[in-house]
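Me: I have a model open and want to go through a few spots in it. Can you start with how the elements are assigned?

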Amino acid sequence: MAKRRLNRQQKWRIEKIQDERTARASRRERDINRQLQAGELGDEQSGLVIAHFGKQIDVEALEGDHRGEIIRCHVRANLGSLVTGDRVVWRPGAEDLGVIVAVQERDNLLQRPDKFGQLKPVAANIDRIILVIAPEPEPHDNLIDRYLVAAENCNITPLLLLNKTDLIGDHNRAQLEALLQRYEALDYTVEQTSMHTAPEDDHTIESLLKNRTSVFVGQSGVGKSSIISRLLQDSSIKVGEVSQSTGKGIHTTTTARLFHLGLGGDLIDSPGIREFGLWHMDIEHLEYGFREIRPLIGHCRFRNCRHQAEPGCALREAEEKSEISPARMQSFRRIYAEIEASDWQNPAR
C-alpha cells in the first residue's frame with residue numbers, strides 16, 4: 001500500500017498545525033525551565049506511563065510519597081514521543097502537575113503505520129503480544145503473518161489465542177484446525193477460549209497474562225474488548241459488535257492504557273488494528289519475521305533473489321521439500337510484493 005499523497009492546501013494546513021504545536025511546546029518548555037530555576041520541582045522519582053493524553057501523560061509513581069498515585073505530567077521537549085508502558089523519571093511540580101525529565105531505555109517498542117504510512121508508536125516494554133482470532137470474522141493467515149512478522153522484529157513473544165470457540169462447527173472445524181496446526185508446527189503457542197465459558201471454569205487467559213505485560217491485537221470483532229472487560233470487570237469498556245453488512249468489527253477503544261491485574265500482571269489495552277501493514281519494513285525485516293525462512297537468509301544462489309522463479313532459490317527448494325508450507329510461502333510472497341510496490345521501498349515512484 002502506497003502512502004497517501006497530499007495536495008497543496010493539505011500540506012499548508014499540516015504545516016500550520018505543526019507551527020502551532022511547536023509554539024505551544026516552546027511555551028511549556030519555558031514554563032518548565034522557570035520552575036526548575038525557581039526550585040519549584042520536587043526530587044526525581046521513577047514512574048510508569050499509564051496513559052497518554054495529547055501533550056500530557058498519566059504517570060504512576062513507583063516510589064516516594066506519591067507511590068501508587070497517578071500523576072498528570074508534562075513532558076520535556078527533548079524527550080521525543082512517549083507511549084504507554086514507558087519507564088520514566090519525573091519530578092513533582094506546581095498545581096498537582098509533574099514533569100517527566102527522562103525516559104529509561106526500552107526493551108521493545110510496538111509500532112503501527114497511520115493512514116499516511118508513517119510509523120506511530122503504540123506501546124513499550126511488552127512481554128507478550130496475544131494475537132486474538134476467532135471463527136467469525138474468518139481468520140486469514142496472511143493477516144496473522146503480518147502481526148507475527150511485526151512481533152518477531154520487535155523482539156516481543158507472540159501467542160495465538162482462538163476466541164469464540166463456541167462458534168466452531170462442522171462447517172469450519174477442519175479449516176481452523178489446519179490453520180492452528182500450521183503455527184504450532186513453527187513452535188508458536190496456541191490457546192483456545194470462549195467468553196461463553198464461565199470464568200471460574202476457564203483460566204486460560206488469566207494464566208497467559210500472569211506476571212507479564214501483555215497487549216491484545218487482532219481484527220476488530222474477534223472479542224478483544226470482551227476479554228478485557230471480563231478481566232477488569234469494567235462496564236465502561238465498550239464492546240464492538242461485528243458489522244452485519246461487512247463482517248468486520250467496529251472500532252471501540254480509542255486510547256492505549258495500562259491496567260494492573262489482580263492476578264499479578266499488566267495489560268495494555270491498545271486501539272483496535274484492522275490490518276497491520278508492513279510497507280514501512282524492508283525485505284530483510286520480512287525475511288527475518290518468518291521463523292522458517294530466517295535460517296535460509298543468504299543461502300540463495302543470487303544475492304538479489306526475489307524468491308519467485310529464480311534458479312537456486314533456497315526458499316523454493318525448502319518449499320519443495322515441505323520445509324515451508326505452501327500457505328506460508330504464499331503469504332510471504334504476497335507481503336513481499338506489497339513492500340516492493342510501496343512508495344516507502346521505492347521513493348522514486
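Reply: Helices (H or I, at least four residues) and strands (E, at least two) are DSSP runs, numbered from the N terminus. This is a predicted model, where local features need pLDDT of at least 70, side-chain atom pairs count only at pLDDT 80 or more, and totals for chains, interfaces and linings use all residues. Residues are numbered from 1 along each chain as its sequence is written, and side-chain values use heavy atoms, with hydrogens and water left out.

Me: Where is C313 found?
Reply: C313 sits in the loop between α6 and α7.

Me: Is C313 buried or exposed?
Reply: C313 is buried, because its relative accessible area is 2%. Buried means under 20% relative accessible area, exposed over 50%, partly exposed in between (1.4 Å probe, protein chains only).

Me: What does C313 touch?
Reply: Not counting residues up to four places away in sequence, C313 touches C300, C305 and H307. Contact means heavy atoms within 4.5 Å.

Me: Which residues does the UniProt "binding site" annotation cover?
Reply: In the unreviewed UniProt entry, that annotation covers C300, C305, H307 and C313. UniProt positions are given in the numbering used here, feature names are shortened, and annotations may be inferred rather than shown by experiment.

Me: And where is the place of C300?
Reply: C300 lies in the loop between α6 (283-289) and α7 (314-320). C300 counts as buried because its relative accessibility is 14%.

Me: Switching to α8, which residues are buried there?
Reply: The buried residues in α8 include R328, M329, F332 and Y336. The buried residues of α8 pack against α2 (141-154), α3 (173-184), α6 and α7.
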